[in-house]
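Here is a short walk through one protein structure. Keep the sequence at hand and follow along.

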Amino acid sequence: SYQLIKPEQKKKTFHFSMKDWTDMRTWWNLIIRGDRFMTPNKKQWMDCYNIQSMVPEYNFVDGLWIGYKLGLGWRISHANTFEFNPAAYYATARHKWIAFGDFSFTYAPRARGRISLKGGSLTQDYNEESGESRLFNSVSALIYADNYVKLFNKQYITISNQVEPFNGMLFSSSLSWERRRKIDNHVHHSLLGQDAESNNPFKDNSYTMPANRLLKMSLALEYTPNHYYCMKNDQKIYEETENPTFNFSYTQAFSIGEVESSPHYSKIQTGIKQTINVGLFNRFIWLADAGCFFNRKSMEFPDYHHFPTVKNTSTTRSFSYGFFLPNCYTFSTPDRWLMINATWNTPYLLIKYLPIFQHKKFDEAIHFRLLATPEEHPYMELSYSTGVEDISRVGFCIGFDRSGYRSVGISLSFAM
């Protein structure tokens, strides 16, 4: 489901007390930074998030989201913890409530055991797995009328479990039910008066998704050999490693009922990723991902395999992952694919050799990206970027396809 607030956004050192209610600085800290309230024995707590969780999004379908999200927890023992994270928002343009939440139970800390139940009703990106930042899309829609992220309405319930049968090997499984339907814009102009971009994921606005129901089972395995770890606060924390991480997943969608459309397909996906330190300061980062659909009887656009593509000039995505020139849904495929990303990161490559930049604290990198699908002939990007690791970077990208030069652009990446 759509995640509004990352765990690191919670405030840990500021604590609110009853006697501080009349202190405006206390309320200011609570709104801007958030806080965690704990019982004296520290076994129960409530997370109050910052202002970003009160108005997390704006889009042309919903308008402004206004509401709140809470985090509730109960530590039963050193090994077992219950957590509940409810959220409710009012969509000002659609005049509908958006509500969702997740309930989780952790067990077997050394095996990273966790079972969870999620559900709700919300607007979801067609590219659910690797879509563009909803925050950046909010800004571009509000000011420039550029609605890069296309949305549909999803009611869902998912039960999932993860556990490590062996060190470094994480096995995940899930069962999901969803009811999905197309939804149109309810806001038609930006603040500057430009016409709102269509909410249709196809350029020619030809796609019309019928109301449909999905029953889906997923199994996934991720393995990093010889991955060392330590235990801290009953949590398993892995150290950085140069060993490759392998992953494999299988997804099966089942037809259910005849009242509404119901997708039926099978999907397998496999990949590998690795970061290799070369010397003291150089790094080589690479990943490969491939997969295919089979046994296809019916599919809808949200079921396609989507790729991390970025049309917006500004993004939260790392330069080491994804594509920075195509539209968000250009390469989405219901068939098979191969994706390769490679990055060489070094303190000195081009402009750092200039005397004026030699002592500045930034690095440089070159990037190679390749994607092949049956619908789109092999597409390739070459990029140069400079910045401070993955915290903030600016890069120049040029794209090619089978016909030759395709496009060029500049991208800004900000870690959030």
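The tour below takes in a helix, a surface patch and the cysteines.

Bear in mind that this model is predicted.

Start at helix 1, which spans residues 24–33. Three of its residues are buried: Thr26, Asn29 and Leu30. Where do these buried residues fall, seen down the axis of helix 1? They stay within an arc of 100°, so they line one face of the helix. The face turned away from that buried side looks quite unlike it in exposure: Met24, Arg25 and Trp28 are exposed there. The buried residues also have cover. Strand 1 (35–38) and strand 2 (44–48) are among the elements that provide it. Just after helix 1 comes Gly34, with a positive phi of about 80°.

Now turn to the surface. A nonpolar patch is formed there by Leu72, Phe84, Phe103, Ile115, Leu117, Ile157, Ile159, Leu175 and Trp177. Together they have about 720 Å² of accessible area. Which elements give two or more residues to the patch? They are strand 7 (113–125), strand 8 (151–166) and strand 9 (169–181). Take Ile157 as one member. This residue is found in strand 8. Its relative accessibility is 44%, so Ile157 counts as partly exposed.

Finish with the cysteines. The structure holds zero disulfides. A disulfide needs the two sulfur atoms within 2.5 Å. Cys328 is buried, at 9% relative accessible area. Cys230 is partly exposed, at 37%.

How values were computed. Residues numbered from 1 in each chain as written. Predicted model: local features only at pLDDT ≥ 70, side-chain atom pairs only at ≥ 80, totals over all residues. Heavy atoms only, no water. Patch = residues over 30% accessible without salt bridge, like charges linked within 9 Å, V, L, I, M, F, W, Y side chains within 5 Å. Areas by Shrake-Rupley, 256 points an atom, 1.4 Å probe, with all protein chains shown as cover. Salt bridge = Lys/Arg side-chain N within 4 Å of Asp/Glu carboxyl O. Helix = DSSP H or I, 4+ residues; strand = E, 2+ residues; numbered from the N terminus. Buried < 20%, exposed > 50% of the residue type's maximum accessible area, 1.4 Å probe, protein only. Arc of directions from axis to C-beta. Contact = heavy atoms within 4.5 Å.
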